[in-house]
Amino acid sequence: MNLTRQHALELDARDPLAHARDRFAIPDGVIYLDGNSLGCLPKNVAQRVAAAVEDEWGMGLIRSWNTAGWYTAPQRVGAKIAKLIGAAADEVIVTDSTSVGLFKILAAALRMRPDRKTILGITGDFPTDAYIASGVAKLTGTTFKRVGDRDLGAIDATTAVVSLTHVNYKTGFIHDMRAITEAAHAAGALIVWDLSHSAGVLPLELAKLNADFAVGCGYKYLNGGPGAPAYVFVAKRHHDTFDHPLTGWLGHIDPFAFADDYKHAKGMDKLLTGTPPILSLTALDAALDAFDGIDLHQLRTKVEGLTSLFVALADERLMRHGFTLASPRDAHQRGAVVSLAHAEGYAIMQALIAHGLIGDFRAPDIVRFGFSPLTTRFADVFDAACIIDELMTGRAWDTPEFKSRKAVT
Ligand SMILES: Cc1ncc(COP(=O)(O)O)c(C=O)c1O
């Protein structure tokens, strides 16, 4: 690979998605490689949220539930996300956080396999997935069992549901969605995919692959803003049969009848629990317009190009500083994250942030860079590698200030 800045600029000039960056407000002087944690701000969001606050809330007041589309926002925003994950518009709804959505879905899946007693997950997944699975298991008298991510032969006749993240949060490793879904089904189990690090980065075909359930974050690659609500997918074939225990009033078939007894709504609407966070939903709704006209296959190609360039630059300039590659070397097995392991990872990332290169740190030793394809340029990748190289050469990270731990890493 030709590893000059000129080459990176040429890649940018040939990038069919280069125009998309202009849809975002990105601060000058910052190279932002953390869209895997919190996506950049799309330019249309501030105005849209301001209108929701000033006009819809301020002037419309309670009337806006009917007149401003608030009541149907979970379904409307779900339909936008459906296009990114290969689902039908009425198979996705936006509600709660990913953690809460996962709770509902795991409980629903267990109810659909009452004679089976195991939730099967994998080690090394994002902690909330395991914490929620343990909590659901405790509540339902079932077992949460974790196996290594290459040991999914462990799916057997006792497995009610297999639950895992498609793209690993720490390494970017992509699991084989087709093979694992088929293995779960062959054993009579259901499957739940966490798509938090997949949607908005690569094309997904949930319906084609016959997936049962999925959940995912709104604030990462979908750019919905801090604490944006999450989405849930349920395959249409399960819409009549699934139900879950968080039976709040908005999941009732007729919430405004104020009936004493719960009777669930049809289809995805039964996944609603309480009043949705309308201002956050508004932000996510507007943010998703950044994907208008974006070819998801081009998105994938760009992710492979950006991450491959970074890996090549890391090999050339960074490994000599004590880093090792913690992500797959094969671009086909990698999402939009490249992680480097280093014993001083925390201080290094703090120093990089102070120098305008924003990534994040994941304990115990991972320096993580996310190459969000709508906002990252190839020249950013080149410049990022130069900044890291320079900072390591000058040991700029080696100060008490950068070693003192903050609450959020
Ligand atoms: C794979 C994965 N799932 C779930 C979550 C957490 O989602 P939430 O905060 O919406 O519950 C994260 C957060 O980083 C994540 O990486």
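1. Start at the loop between α11 (378-393) and α12 (400-403), where Arg 395 is found. This is a predicted model. Phi of Arg 395 is near 50 degrees, which is a positive value in a residue other than glycine. Most residues other than glycine have a negative phi. Arg 395 has a relative accessible area of 47%, so it counts as partly exposed. The cut-off for exposed is over 50%.

2. Phe 258 shows a positive phi too, near 50 degrees, and again the residue is not glycine. Look for Phe 258 in the loop between β10 and α8. Is Phe 258 buried or exposed? Its relative accessibility is 56%, so Phe 258 counts as exposed.

3. The loop between β10 (231-234) and α8 (278-287) also holds Pro 245. Pro 245 is partly exposed because its relative accessible area is 30%. That value falls between the cut-offs of 20% and 50%.

4. Gly 251 has 0% relative accessibility, so it counts as buried. From Gly 251 to Thr 275 the chain runs 24 residues, and their C-alpha atoms are separated by 10.0 Å.

5. Check the peptide bond from Ala 363 to Pro 364. It is cis, with omega near 5 degrees. Most peptide bonds are trans. Pro 364 sits in the loop between β14 and β15 (366-370).

6. Strand β14 (residues 360-362) contains Phe 361. Why does Phe 361 count as buried? Its relative accessibility is 1%, and buried means under 20%. Ile 348 is 13 residues from Phe 361 along the chain, and the C-alpha atoms of the two are separated by 8.9 Å.

7. Thr 118 belongs to strand β5 (residues 118-122). Its relative accessibility is 11%, so Thr 118 counts as buried. Thr 118 and Leu 190 are 72 residues apart in sequence. In space, the C-alpha atoms of Thr 118 and Leu 190 are 11 Å apart.

8. Now the ligand. Which residues come nearest to it? Of the 14 residues around the ligand, they are Ser 99, Asp 194, His 197, Tyr 219 and Lys 220. By class, the shell has four nonpolar, seven polar and three charged residues.

9. For Lys 220, an N or O atom of the side chain is 2.5 Å from an oxygen atom of the ligand. For Tyr 219, a polar side-chain atom lies 2.8 Å from a ligand oxygen atom. For Asp 129, a polar side-chain atom lies 3.4 Å from a nitrogen atom of the ligand. The protein buries 87% of the 400 Å² that the ligand exposes when taken alone. Which elements give two or more residues to the shell around the ligand? They are α5 (98-112) and α6 (127-140).

10. Helix α5 is also the place of Lys 104. Is this lysine buried or exposed? Lys 104 counts as buried, because its relative accessibility is 1%. The side chain of Lys 104 makes a polar contact of 2.5 Å with the side chain of Asp 96.

11. Last, the nonpolar interior. In soluble globular proteins, nonpolar side chains tend to be buried together. Here the largest nonpolar core has 59 residues. Which of them touch the most other members? They are Ile 81 and Ile 85. Helix α4 (residues 73-85) gives the largest share of this core, six residues. At least three residues of the core come from each of domain 1 (5-17 + 295-403) and domain 2 (47-291).

Technical notes. Residues numbered from 1 in each chain as written. Predicted model: local features only at pLDDT ≥ 70, side-chain atom pairs only at ≥ 80, totals over all residues. Heavy atoms only, no water. Near = heavy atom within 4 Å. Polar contact = N/O pair within 3.5 Å; in protein donor to acceptor, adjacent residues only side chain to side chain. Areas by Shrake-Rupley, 256 points an atom, 1.4 Å probe, with all protein chains shown as cover. Helix = DSSP H or I, 4+ residues; strand = E, 2+ residues; numbered from the N terminus. Nonpolar A, V, L, I, M, F, W, Y, C, P; charged D, E, K, R; others polar. Core = buried A, V, L, I, M, F, W, Y, C linked by side-chain atoms within 4.5 Å. Buried < 20%, exposed > 50% of the residue type's maximum accessible area, 1.4 Å probe, protein only. Domains from an automatic or database assignment.
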